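Dear colleague,

Please find the structure below, handed over for your work.

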Amino acid sequence: MLKFDHVSKRYPNAGDALLDVSFHLEKGEMVFLTGHSGAGKSTLLKVIAMMELCSRGLILLDGQNLNKVKERHIPFVRRKLGLIFQDNKLLQDRTIFDNVALPLIVSGYGRHEIARRVRAALDKVGLLGKEKKYPFAISGGEQQRVGIARAVVNKPRLILADEPTGNLDPELSAEIMHLFEQFQQVGVTVLIASHDIDLLTRMGYRSLVLDHGQLVAS
Amino acid sequence: MENKLRQRQSKGNGELSDKSQAYLHIHAHALFSSLGRLVRNPFTSAMTIIVMAIAISLASGFYLIVVNMQQLTGNIESTNQISLFLKSNVSDTSAQKLADKIRNNNNVEQVKFISKFQALEEFKVYSGFGDALNMLDKNPLPAVIQVLPKNTLGDVQGVEVLMKKFNHFSQVDFAQMDMQWIKRLQTIMQIIERGVFLLSILLGFAVLFITGNTIRLELQNRRDEVLISKLVGATHSFIQRPFLYTGFWLGFFSGVVAWFLVMVMMNTLQNPIEKLSILYNGAFDVLYLGINETVYLLGITSLLGVIGAWVVLRYQIRQIKPE
């Protein structure tokens, strides 16, 4: 599903954010990405989502070489991904429904299909019935779940989550993680960046450990 | 089995129309949401639109002034007619002989002799000074031979050569090309026309840049939205669509406001122009923007708005990147 082959990312003034990273994620695998802050977790997710381009090496996403993707085709790569951010990145002036519908709207789905899928996604994260509310009117945990609904509404092959539980208490974190497990069980590949070591060890999934841009355990 | 197949087909058709409907829906949504945004910020929108409208009304106002002035010069048929004013001591018979002689010239199409007496009668009729002229004991007007050169003579230079030749006749006081002043006026009008054209281009650029700058600010205000749309897989054309429609609305509305401004200006000018028209025996009416011109005006301003937006979006959307 996802293959990194000797990937490096160097920033002009900040040195190497990733150094010679190689790993392979199988389809339907759930993997944690961990390491101290500044170890390169976010950079690794960004090069997959093509928010950054890697300086050296090869990234294969679902068999597609990301180095060879032209700029105007980047949107189509992103449609295969579900991105989840620590700060949710919800649009505050849109309803929950409109926020979750955004990936479908930009992909040109019809209205009925959008309504059906958005409700299915909101049902999955347990927020059906709150679709007319605005993000500021719901709790932080609910906002994060809206972010997850938006990430899965397009039926992505790979979910990338950057510190999805960073702002949540342990109980809510466990809930969110349970959601990810459910997606993994239906065949979606999930890559979660997190520095919450306790949570990781308790859940017992494979972990990629980064240290100063280098992969030290896989 | 057959039933199932039919069901699937109808479902397929439904999906197809759903998709094309979605495309229309996206456009309609962009069209009206961009309008809604303009309406929700009435002060900012009005400022921009009025500035643009002033630039547009300047251009179209000058255009109308030119069109109206063209009536003055355009109605008069341009001919190369020459008038030979004869010396006062030349008798009518000798003048007739001269006229016959000129008629034989190969370059002359038509000759008309107007005697002193005829000239006076004509002048009385057209000038309205009849009574005053009656008080004169002597006819002050000279006899005139009107000569129409052949068209084969070419333009002004040929006519001038002919005129010089007539000037050498001893009976002729002086020769004059009747329409010279019209030609001068027409040339001046051509210069003004070109000047207005150049000015319109400059003002068009002003409209382009005002739209561009407005769109740039709008894009900055909606940075988050653009960024998130990009992250969920929106293409550039999807992101820029509502902004292009904003450019369209700005151009369209400034065209409408400019139209009103021009109408008000022409209305203010109507009275003095009508007075002038009466002095010219009602030679022309005040011309306003017609239906065709209004359609052109709105079409051009809308297009300028879209182009101004597009030029900015082309570069600015690329600039918006995560972090």
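In chain B, the C-alpha centres of domain 1 and domain 2 lie 53 Å apart. Domain 1 of chain B covers 28-75 + 184-319 and domain 2 covers 82-178; such bounds come from an automatic or database domain assignment.

This is a predicted model, in which local features need pLDDT of at least 70, side-chain atom pairs count only at pLDDT 80 or more, and totals for chains, interfaces and linings use all residues. Residues are numbered from 1 along each chain as its sequence is written, while chains are lettered from A and ligands numbered from 1 in the order in which they are written.

Helices in chain B

Helix H7 (residues 180-221) of chain B packs with helix H10 (residues 291-319) of chain B at an angle of about 50 degrees, their axes being 8 Å apart. Helices here are DSSP runs (H or I, at least four residues), numbered from the N terminus. Axes are lines fitted to C-alpha atoms, for helices over the stretch in contact, and angles run from 0 to 180 degrees between N-to-C directions. H7(B) and H10(B) are therefore oblique to each other (angles under 35 degrees count as roughly parallel, over 145 as roughly antiparallel, 65 to 115 as roughly perpendicular and the rest as oblique). The residues that make the contact include Gly204(B), Val207(B) and Leu208(B) of H7(B), and Thr301(B), Leu304(B) and Gly305(B) of H10(B); two residues are in contact if their C-beta atoms, placed from the backbone, lie within 7 Å. By class, the contact of H7(B) with H10(B) has eleven nonpolar, seven polar and one charged residues (Ala, Val, Leu, Ile, Met, Phe, Trp, Tyr, Cys and Pro count as nonpolar, Asp, Glu, Lys and Arg as charged, and the others, Gly among them, as polar).

Chain A and its contacts

Chain A is divided into domain 1 (1-80 + 156-218) and domain 2 (92-155), with C-alpha centres 23 Å apart. Ten residues of domain 1 of chain A are in contact with ten residues of domain 2 of chain A. On the domain 1 side, helix H6 (residues 170-185) of chain A gives the most, with four residues.

Between the chains, 18 residues of chain A are in contact with 17 residues of chain B. Helix H2 (74-78), helix H3 (96-106) and helix H4 (111-124) of chain A each supply at least two residues of the side of chain A that touches chain B.

Confidence

The mean pLDDT of chain A is 91, and 100% of its residues reach 70 or more; pLDDT is the predictor's confidence in each residue, from 0 to 100.

Yours sincerely
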